[in-house]
Amino acid sequence: MNTLSIYSHLPVIAQNILCSLKGWQLERQRYGGEYLNMFHSLVESDTWCKEKILAYKEEHIERLLTQAYRHCPYYKHRFDQEGLTPKDFTCLDDLQKFPVLTKEDIRQNWRGMISDKYSSKQLIPYHTSGSTGKALDFFWTRENLLFYWAVVWRGRHRFGINKGDLHLNFTGKLVVPITQRKPPFWRYNLPLRQYMLNMQHLTREKIAPIVKFINETGAIFFVGYPSIINSLALLIQESNMAIKSNPRFIFTSAEKVYNDQRKRIEAVFAGSKIIEHYGFSENAACASKCIKNHYHEDFELGHLELLSPQQTIDGDYSGRLLASSFHNDGFPFIRYEIGDTATFTSTPCTCGLQSQVIKEIEGRNEDYVVTPEGTKIMRFDYIFKDATSIRECQVVQREPNSIVLRIVRRNDYSEKAEKSLLQEIKEKISPTLQVSFEYVDTIPRTKAGKFKAVLSELK
């Protein structure tokens, strides 16, 4: 019996205790040590002028290049190949001389990206498949993790939201077992002051107790994937139910909020305002919304730039996003190609912040799968996190109640990996969803050249 099976058989009170124990661990990781000093310094740097921001960036990029060249074998070899040293950087524009780092570069060279200044005990390993089913290994330092969360809460602080405010977290993690048929369909994390509700329980049969819970809880804000919150809003509309206790704000991340989602969510949760945050698991850089609803680069965490920017008809510039991290000496990212595109504008924001204004960030627009239970699932990255033998995977739904996993295999792929995926889907997505496999050499891209992790061919 695995850990998830043991957890699913425990009483609700025991599951709440385990969620809170995990919360204590996250509390220490994210908010210990120098967190408060970092947070207060970030509130102060929110008022900096453009000249001070530029000086900060140039100082930190020079330091980043020097540390990576001296202590990371991959960067030493790569820079030498290009005939470059950190001394070739004298101003911000010089960063363009240095090579772009791709996800495949990381997969093939991640050991050489680890700084020799750190032991394995000093680093926090992270393993993700992202939205593509491609495994990616990297590391955080403890400072990097603290600084990232200080940036996140600085962004929320702009709207009067503070750490410790009661909130509801919408997640894909299986905090409530998929087999549970009666409420409560939520669990409580005491240290982080959050209730958690996972996407697998957003069905018509369960929506009434969930709405009742939201109305009685009085959460100050929501946080989570917009696709999950949109599914909740759609179910509430279809059931002709009403939310009487609306959160002040709905903070979203990891996915773009599309106009139809925004209209629906803000109609169902009347008076609530959606605030988007742009970040990614590598914690190399991020961007947060201001009170005027514009993205601003969180320049203190890392530098964002555009690869081969093209001018738009409005005079702005669009291109693929690159990130260079300032607070991860253990596993530095330099000109890392994230996989998203963005539009930068030079038009000042009326909110008063002087950091780079990002007019638009285009994430990945995915379809969704409908399970036999009626749940709409857009994100499958949870089932691929340990699937290192898969180069790429696309989830395709051609018929109701079934899906096809279209897989590009690595050399070490085996029947064991297939069985593991089946078990993950049964435990975390749906126990009755039929799954078949299709092995291919490549997965087709869209006309725009984008990879779609989820593809629905249902009429």
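Predicted model: local features only at pLDDT ≥ 70, side-chain atom pairs only at ≥ 80, totals over all residues.
**Overall fold, one glutamine and the cysteines**

Residues are numbered from 1 along each chain as its sequence is written, and side-chain values use heavy atoms, with hydrogens and water left out.

Along the principal axes, the C-alpha atoms fill a box of roughly 65 × 50 × 50 Å. Of the 459 residues, 55% are buried (under 20% relative accessible area; exposed is over 50%, partly exposed in between; 1.4 Å probe, protein chains only). As for contacts (heavy atoms within 4.5 Å), 68% of those between residues at least 6 apart in sequence join residues at least 24 apart. The accessible surface comes to about 21300 Å², and carbon and sulfur atoms hold 51% of that; areas come from the Shrake-Rupley method with a 1.4 Å probe, and for residues only the protein chains shown count as cover.

On the charge side, the mean positions of the 61 positive and 53 negative charges sit 5 Å apart. Lys and Arg count as positive and Asp and Glu as negative, leaving out His and the chain ends; each charge is placed at NZ of Lys, CZ of Arg, CG of Asp or CD of Glu.

Zooming in, Gln-261 belongs to helix H10 (residues 259-268) and is buried, at 8% relative accessible area. Leaving aside residues up to four places away in sequence, Gln-261 touches Pro-226, Ser-227, Asn-230 and Lys-256. Glu-238 is 23 residues from Gln-261 in sequence and 15 Å from it in space, C-alpha to C-alpha.

Then there are the cysteines. Searching the whole structure turns up zero disulfides (pairs of cysteine sulfur atoms within 2.5 Å). For Cys-290, the closest cysteine sulfur is in Cys-349, and at 3.7 Å it is too far for a bond. Cys-349 is likewise in no disulfide, and its nearest cysteine sulfur, that of Cys-351, is 3.4 Å away. Cys-290 counts as buried at 2% relative accessibility, and Cys-349 counts as buried at 9%.

How values were computed:
Helix = DSSP H or I, 4+ residues; strand = E, 2+ residues; numbered from the N terminus.
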